[in-house]
Amino acid sequence: MSDPLFQAMRQSIIDGAPEKAAELAQQALANGVDPLEAVNRGFAVGIKFAGDQFGCGEMFLPDLLASAEAMKAAIKILEPEMLKRGSEREALGKIVLGTARGDIHDIGKNLVATILSASGFQIFDLGTSVTPEQFVAKAKEVDADIVGVSALLTTTMAGQKAVIEALDRNGLRPRVKAIIGGAAVTSKWAAEIGADGYSRNAIDALELAKNLMRKVMNKDMNTGTALA
Amino acid sequence: MRPGIQLPSIQLLSPGLIGRILREAFELLMSPGVRVGSAVVELLQSAGVEVGVAANDGVARLPEPLVRQCLASAPRDFYLYNRQGEKTVHYGGDDVHFDPGSCCVQMLDPGTLEARLSETRDLVRIVQVTEGLPQFAAQSTAVVCNDAPSAIGDLYRLFVVLQHSDKPVVTGSFSAAGLEGMIDLLAADSGSAEKLRQQPRAVFDVCPSPPLNWSEFGSHNLLDLARAGVPAEIVSMPLAGGTAPVTLAGSVTQHAAEVLAGITLHQLAGPGSPVVWGGAPAIFDMRTGGAPMGAVETAMLNMACAEVGKHLGLPTHGYLVATDSKLVDAQAGAESARSAMLGALAGINMISGAGMLESLACFSVEKLVIDAESIASAQRLARGIEVRGHDVRGDDVCSETLATAMFAQTGLSGEFLKLKETRALFRQEQYLPSPVIDRSARGAEPPSDVCRRARSRVDELVSKYRKPSLPEDVLRKFQAIVDREAAREANRAGVAADLPRN
């Protein structure tokens, strides 16, 4: 019965149409469709498709952002009902994001936040020019799985290292994973400062975050076994 | 210009469109206004500008009459001088100069073809090669020396360049404190702060942050440069579609607003102090989120932005001759040569960017010598087709005839190679490339790749290079300033200063 509706949901995300996506979410609720199913069989399929299309160069950043905005619009409608039913879409993980101290360039960081958030991560965005202490405090406060530090300028890349050192000093790593990004950042730099990962763009960042979460989960399970 | 000679040039904007761009740029300066650093709030207030009155958000609204008044006090042109005190770079009119790109953090190793962190020895090599290439009117502080303390990275780069070059320098500082030390260094080189003001050796790039934001650091730099009378080059860098309107015309408008705001701050602090309508505008790559410096639209943005500056009668600057390729390959050659041509035809006074790979992330000295050939070709093109002849006294004079006088001597023999005119004029008519450009007939040897020829050319230029001999007392002053700044920064950070030798 709902197949055409799920199809329309997917399409609204691929088209990057927030109003349409919200309307379809309303319709799903009115028809008594399980909101979690609306996400998993409808909207989330669309965002995955958009990500794949971006990956192979068929969709571009403005398309991808529009898809993410449409996803947000749909989730906003569905969320209260999911909460009511106790069928909350479980967050893939908690990520604290910000740009390194002294760096006010946030276009890349915002892209990453949008894509990760649309894909099911819970994002805590600290904004621009964030000190290592602020990263540490937020990571502790929300019990973050991943901390992401962005730096565009070669002169502020040192700030990424400072955050990783602060996480280490406060005993948050290796439990909390540290990832970095930015125009001048390379895998070499990531390795040099001991980051757990780096990605070149927002879609790769999504893959990176998912892979790291697998490690986080495995670690938790292992710890669980050891304790038991 | 001689009568009857048409100098080639390209215009992308009609006078009507330039008018619209400026009208909207002035509108932007009022709404949404420009965010400014606290360093300039008092200055703006004393000029009658209210800064962030309602929201205390640091946003200034700059009225057109004030901006126009500041434009009027900015000089139409100025010179940069070499160490010998000669006028070397003319910022103004349609004069075109080139300098290498600046502030790279990585260097392409010609052996392994891998990018690695740049060091002092790399900067020295770039300076040595640039010194021997007439295509470059100025040096730049091309790469960051990762072996020097990063806190004085800006000062240290200039210190290295000044020791190794007599040419003018395009540079920039990383912090407000850094600028002070750099100006001291230049004053020591010139003899005094007053001499530096009269005959500036360097120009400083100062960058707003798009959109419409003059950060604390940028604002501060503008003030300090204006007060010291050291030329400031405002390098606005809108990314069309990312940090600026997606349309090229929209980005040129934002660029104009950012530079107008910068000139206003600068001229309020030091009326008449030299300032350049500069930029590094680019499109925003919709796949990677990067700034493709080799894109033709990026070149178009640079040309159009300079056109607006020329319309206002100001000296201009742009960022071209760079590539997005990671290797010194066909893409690098095509993109860099194309934008060198376009920049020269646009009459941009200073064109930075040669030697740069990977959208400004990596420097290659081999690419620099290849770019020098593209630049020479662009310079040749910009000179246009000149009408000249050669009379019997051997003077270069305008000829009565283009060809008939020469035919009168050769008849139908075809022996032009023997003509006095040929020998006297071929060096002016033709640009004679270095061996980097292969025009040889195929021989027994296998053909060589341009990278190999570029490596030989680099080696040759380095071997011919002679380090300038600076007076002992100047060198001592240099060292004292660097030591002072290193100690100050180390003291601030609580670590020991450790300077590499160069």
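In the predicted model, F426(B) counts as exposed, because its C-beta atom has 11 C-beta neighbours inside 10 Å, and a residue with 12 or fewer is classed in this way. The residue belongs to helix α14 of chain B, which spans residues 420-429. Between F426(B) and P75(B) the sequence separation is 351 residues, and their C-alpha atoms lie 39 Å apart in space.

V59(B), located in strand β2 of chain B, is partly exposed, with 19 other C-beta atoms within 10 Å. Leaving aside residues up to four places away in sequence, V59(B) makes contact with G33(B), V34(B), R35(B) and G52(B). Its C-alpha atom is separated by 9.0 Å from that of G37(B), a residue 22 positions away along the chain.

Strand β2(B) takes part in an open sheet of three strands with mixed pairing, arranged in the order β2-β1-β11 in chain B. The edges of this sheet are formed by β2 (59-60) and β11 (213-214), each of which pairs on one side only. Strand β1 of chain B, comprising residues 34-36, is joined to β2(B) by two bridges in an antiparallel arrangement. Within this pair, V34(B) is positioned opposite A60(B) of β2(B).

A further set of pairings in chain B involves strand β17, residues 350-354. Five of the five residues of β17(B) are buried, so the strand is largely enclosed by the rest of the structure. Strand β5 of chain B (residues 97-100) pairs with β17(B) in the parallel sense through four bridges. Strand β16 of chain B (residues 317-319) also runs parallel to β17(B), and three bridges connect them.

In chain B, the axes of helix α4 (residues 120-131) and helix α5 (residues 153-164) come within 10 Å and cross at roughly 40°. The two helices α4(B) and α5(B) are therefore oblique to each other, and α4(B) passes α5(B) in a right-handed crossing. The contact is made by T120(B), L123(B), V124(B), V127(B) and Q128(B) on the α4(B) side, which meet R157(B), V160(B), V161(B) and H164(B) of α5(B). In terms of residue class, this contact of α4(B) with α5(B) contains five nonpolar, three polar and one charged residues.

In chain A, helix α3 (residues 35-55) and helix α4 (residues 61-85) have axes that come within 10 Å and cross at roughly 170°. This angle makes α3(A) roughly antiparallel to α4(A). Helix α3(A) contributes P35(A), L36(A), A38(A), V39(A), F43(A), G46(A), I47(A), A50(A) and F54(A), and these meet D63(A), L64(A), S67(A), M71(A), A74(A), L78(A), E81(A) and M82(A) in α4(A). The contact of α3(A) with α4(A) comprises 13 nonpolar, two polar and two charged residues.

Between the two chains, 14 residues of chain B are in contact with 14 residues of chain A. The residues on the side of chain B that touches chain A divide into five nonpolar, eight polar and one charged.

Terms used. Residues are numbered from 1 along each chain as its sequence is written. Chains are lettered from A and ligands numbered from 1 in the order in which they are written. This is a predicted model: local features need pLDDT of at least 70, side-chain atom pairs count only at pLDDT 80 or more; totals for chains, interfaces and linings use all residues. Two residues are in contact if their C-beta atoms, placed from the backbone, lie within 7 Å. Ala, Val, Leu, Ile, Met, Phe, Trp, Tyr, Cys and Pro count as nonpolar, Asp, Glu, Lys and Arg as charged, and the others, Gly among them, as polar. Axes are lines fitted to C-alpha atoms, for helices over the stretch in contact, and angles run from 0 to 180 degrees between N-to-C directions. Angles under 35 degrees count as roughly parallel, over 145 as roughly antiparallel, 65 to 115 as roughly perpendicular and the rest as oblique. A crossing is left-handed if the near helix is turned anticlockwise from the far one by less than a right angle, and right-handed if clockwise. A residue is buried if 20 or more other C-beta atoms lie within 10 Å of its own, exposed if 12 or fewer, and partly exposed in between; C-beta atoms are placed from the backbone. Two strands pair if DSSP finds at least two bridges between them.
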